[in-house]
Amino acid sequence: MSEDRSGHELPPAAESRIAEIRRTGTWGSALSADEFTAIRSVGFEPVGQVLGAAVYNIGYTGGWACPGAWAGYGGYVTPYQSVTAVSSTGSMGSFGPMVQTLYQARHNALTRMSEECAELGGHGVVGVRLTIGGFPAGGMEFKAIGTAVRAPGGVALKRPFTSDLSGQDFAKLIMADWVPAGMAMGISIGARHDDWLTINQTRWGTGNAEVTGYTDLVNESRHDARTQLDRDVARMGAEGVVVKTMDIRIRDRECPMVEHRKDHIAEVTIIGTAITKFTRSAGHAIRRERSLAILSLDPQRRQAARVRLGADGPR
Amino acid sequence: MTDQTSTTAADLGVQGVPQDAMRRLAELQPGRPGSIFTSDLSVNEFLLVREVGFRPLGLVLGSSIYHVGLQVGRWGRNQELDVLSQAMYHARELAMTRMEAEANALSADGVVGVRLDVEMKEFGSDIAEFIAVGTAVKAEDGAGGGGVTEWRNNKNLPFTSDLSGQDFWTLIRAGYAPLGMVMGSCVYHIAHQRLGQKIGNTGRNVELEQFTQALYDARELAMSRMQAEAEALHAEGIVGVQLRQHSHTWGSHTTEFFAIGTAVRPLRDDHVIETPTMVLSLDA
């Protein structure tokens with residue numbers, strides 16, 4: 001089927017699995033025992049494992065023209081200093097279509113996952129793993145897997161929340177009166193022609209110099225991605241976002257408009273969880289004690305913790 | 001981090017906390033972008049930073065892509081390669097200054113959880129990206145135990161610190177505040193052994209004095225530069241010092257020593273550091 005499912009009907013296989021869960025009441029989940037306990041401890045119940053997937057063919061990416069080349073007599077030439085074109089501006093040769101597709105594909109995967117959650121009677125999904133890979137038969141596969149949870153007696157939500165937080169992190173936030181609103185993404189692709197200034201600054205014999213062209217490319221692309229992230233969070237009406245990953249990939253290509261010259265392209269992806277504060281109803285307010293600093297007397301546990309929490313380890 | 005609440009597991013559910021949370025989500029309306037905070041703190045860090053009275057304002061970042069010049073040392077001499085040292089300093093300065101400018105624009109009091117990384121790029125030769133990422137925070141009244149009027153350092157810039165959220169919490173609770181990140185860098189060329197020396201050392205257990213000397217000199221230069229930066233901030237001391245050594249792409253006889261830490265000052269003269277509770281876990 002080539003029609004684009006806007007997502008109101010789940011594939012038949014998913015429908016039957018969910019019907020089975022409803023019938024027997026036995027849920028499966030990808031939670032560890034610790035995560036399960038953490039979620040239960042704040043009054044939520046796991047409902048079942050949910051999955052959303054979409055396979056896309058990326059046929060048209062945009063980027064057919066070079067944004068920085070100047071029109072000269074008889075063709076395009078390399079300027080002294082060019083500009084970075086980011087995907088959101090929609091300018092000539094920007095990668096807007098590619099970014100829109102990346103957004104749409106991830107959004108579809110997340111939405112389908114949320115719908116499975118809603119059918120199971122859940123309020124949201126925790127521990128979401130969002131992956132992209134090549135699909136064996138061709139195309140790119142976008143997948144989102146997580147565990148649906150339910151707040152017993154809570155008001156039904158039009159759109160269940162999603163979050164890539166672990167069960168423990170989710171429980172800590174709830175205890176501190178914060179709740180995840182959804183996963184937020186900021187994606188941007190920036191392109192920049194290698195101008196003469198850049199070429200001079202990167203010559204073999206040049207001394208120390210900042211390469212202003214590449215710096216500009218990287219900064220503009222990241223800035224655009226952050227702006228898109230802000231917009232995504234605002235669309236949900238949330239108060240803030242806790243960023244989990246910020247990746248950048250840079251590659252070069254032959255310039256499509258000027259011979260023997262290169263363009264550089266930076267792709268930035270930022271993913272996080274949007275969160276918002278909630279107030280407890282009168283009568284539910286309790287006085288929470290501060291965090292407790294402990295000094296573990298068990299040398300093996302401290303050694304293991306030191307090894308685990310390396311310079312860039314989990315915090 | 002350990003959270004202790006005075007309720008049991010069932011009570012939170014009975015008290016209707018999950019239902020309150022769902023009611024809030026059902027009320028969310030699309031808002032305006034710009035009034036939102038962003039942060040790359042982990043959940044643990046986010047909650048601890050809030051607990052000591054700081055509010056995250058936004059993710060701040062500064063980066064610079066730098067072309068590192070060439071410098072060849074004299075084959076037989078230990079010497080600092082000052083062109084390369086300058087390059088590493090300048091590039092990191094650019095990244096840090098831009099990050100501080102973003103924090104300043106947010107009217108932040110400081111930046112926590114700063115990651116300062118350098119990554120050599122595959123495109124082009126001798127090109128590296130220096131990037132500084134952190135979360136800008138603002139102090140609320142009562143932060144740090146109350147009575148602290150100024151969190152910025154003596155250059156009227158927001159403080160920066162590469163301390164994690166957990167270390168920041170511990171520092172503030174101990175009555176100290178960060179002033180700024182301080183660093184010292186030295187790129188050193190290690191002398192090659194002369195042929196006669198090399199032959200003479202074969203098969204013997206002997207100290208390679210030139211190499212030892214090079215190591216000491218390079219480290220001392222890096223650490224004394226870091227010290228000088230801390231003195232310029234009128235700090236009482238430096239905590240969380242990391243001493244890193246890498247050759248980047250320069251080969252085995254050229255190496256960079258890099259020392260980085262956070263300069264701190266006491267918040268009040270009579271600070272008392274709480275004794276932590278000692279715990280012995282009974283589980284395996």
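Trainee: Which residue of β10(B) is the bridge partner of Ser296(A)?

Mentor: The bridge partner is Val279(B). This is a predicted model, in which local features need pLDDT of at least 70 and side-chain atom pairs count only at pLDDT 80 or more, while totals for chains, interfaces and linings use all residues. Residues are numbered from 1 along each chain as its sequence is written, and chains are lettered from A and ligands numbered from 1 in the order in which they are written.

Trainee: In which sense do β12(A) and β10(B) pair?

Mentor: Strands pair if DSSP finds at least two bridges between them; strands (E, at least two residues) and helices (H or I, at least four) are DSSP runs numbered from the N terminus. Here β12 (residues 294-296) of chain A and β10 (residues 277-279) of chain B pair in the parallel sense, over three bridges.

Trainee: How many residues does each chain give to the contact?

Mentor: Contact requires C-beta atoms, placed from the backbone, within 7 Å. Chain B gives 74 residues and chain A gives 75. On the side of chain B, helix α2 (residues 17-27) gives the most, with ten residues. That side divides into 34 nonpolar (Ala, Val, Leu, Ile, Met, Phe, Trp, Tyr, Cys, Pro), ten charged (Asp, Glu, Lys, Arg) and 30 polar residues (the others, Gly among them).

Trainee: At what angle do the axes of α3(B) and α5(B) cross?

Mentor: Axes are lines fitted to C-alpha atoms, for helices over the stretch in contact, with angles from 0 to 180 degrees between N-to-C directions. The axes of α3 (residues 43-51) and α5 (residues 165-173), both of chain B, cross at roughly 20° and come within 8 Å. Therefore α3(B) is roughly parallel to α5(B) (under 35 degrees; over 145 is roughly antiparallel, 65 to 115 roughly perpendicular, the rest oblique). Among the residues in this contact are Phe46(B) of α3(B) and Trp169(B) of α5(B).

How values were computed: Contact = placed C-beta atoms within 7 Å.
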